[in-house]
Amino acid sequence: MIRKFIESMRELKYIIFTFLAILAMGYSSLGQDEIRGGRINHRDHFFDQGQESLESGDYEEAIKHFNRSLGFDAYHLESYYLRGLAKENVGDDEGALTDYNIILHLNNEHLEALFARGLLYFNMGKLEFAKSDFRKMLITPMRETNAIFFRIANFESGVSGVMTMNSKEAEVHNYLGLTLNRLSKNDSALIHFSKAIALNGVDPNYFVNRGLLYEELDNNEAARQDYESALAIEPGNGLATYNLVRLSDDNRSIELYDDLIESGPEFGEPYAQRGLAKYNVGDFRGALNDYNKAIEIDNKDHESFLNRGLVKEKLRDFSGAFKDYSKAIQLNTQFAKAYLNRGNILTKESHYERAIEDYDQAIALEPNSAIAYYNRGVASYTLKDKEKACSDVKMALN
């Protein structure tokens, strides 16, 4: 389950917002010299309203205002840019892409639009286009700008940092690394992640991204060092903690989960995983307490009920284990492990016919489960069905 969580968190897709100061740009929109008087005033009026709506999260209203702004000045690049951001936030990726393309057609060195388009291509899975935009950013001359970009990671709440276009190089290398990684060009991706860290060694996300890449390259020790570096920068970094846990022994994992639970006690998954680590080191009472807490927070997780059943078996609470396995099956009727373990409880309590029914279900769901065949064979032998027992034991050996 941690792997699913990590994978779901792995791609750092930033939503780009713009601070009120972005109008203090160091360039002019094309055609601006020809526009005078009232048209400029009307354009600016609707642009300001659009910007206010964008920052308040009313993206549909922002788009309407930017449409009216562009009605007075069809060459106003900032209106296209912010309208593109608003369109992204309402799910109109193609519309946003059109706005960024218009800007770059009129000014191919508009870094904000180039970066936004690269991010959009990345999130749309158009990786070759994203790679091209990010690489172009690295060779495009910088200009004076006061634009400030707020970065919000998709697995967090709230602003995770800020970036100005004058300090964009590290972030571009980071995104080039992510893009190349998804294109399976891992050696090149490693170069760009390392460059991002060299330029900005205080961003924990860069270390996490490189750590994940090191794992793909089977260099777990380097990955572990990067996760440790991320945690040294930001002790509560969830991605670094979850990834480091996977590479640590159980005692170290328990320490990491202690920190994670302290920073976010409202989530059930860390309790469940700490419970598993405690189970592995023989702390069954501690594991039981953690699984109780995990289930209290999330009583729909069939894995937690299965694992709590295993803990209860170790504590000789067979009745409690049977109930947990049954609950796991209720939550997921295709859960072969729960049928197998419930069958084991029934065997221990001499209910062999019912145990065989559960083993039948486990084998139907996982035909290559050697232990299910073996345990069914033992139950059949106890019932003096030696032919069936012999057949099952042979299947288990195969």
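Biologist: What makes D301 count as buried or exposed?

Modeller: Its relative accessible area is 9%. Buried means under 20%, exposed over 50%, and partly exposed in between, with a 1.4 Å probe and protein chains only. D301 is therefore buried. This is a predicted model: local features need pLDDT of at least 70, side-chain atom pairs count only at pLDDT 80 or more, and totals for chains, interfaces and linings use all residues. Residues are numbered from 1 along each chain as its sequence is written, and side-chain values use heavy atoms, without hydrogens or water.

Biologist: Where does D301 lie?

Modeller: In the loop between α15 (284–297) and α16 (302–314). Helices are DSSP runs of H or I, at least four residues, numbered from the N terminus.

Biologist: What makes the D301 and S304 pair a polar contact?

Modeller: Their side chains are joined at 3.1 Å. The definition asks for N or O atoms within 3.5 Å, one able to donate a hydrogen and the other to accept it; residues adjacent in sequence count only if both atoms are side-chain atoms. The pair therefore qualifies. The D301 side chain also reaches the backbone nitrogen of E303 at 3.1 Å.

Biologist: Why is α6 called largely enclosed?

Modeller: Because twelve of its 14 residues are buried. Among them are L111, F115 and Y121.

Technical notes: Helix = DSSP H or I, 4+ residues; strand = E, 2+ residues; numbered from the N terminus.
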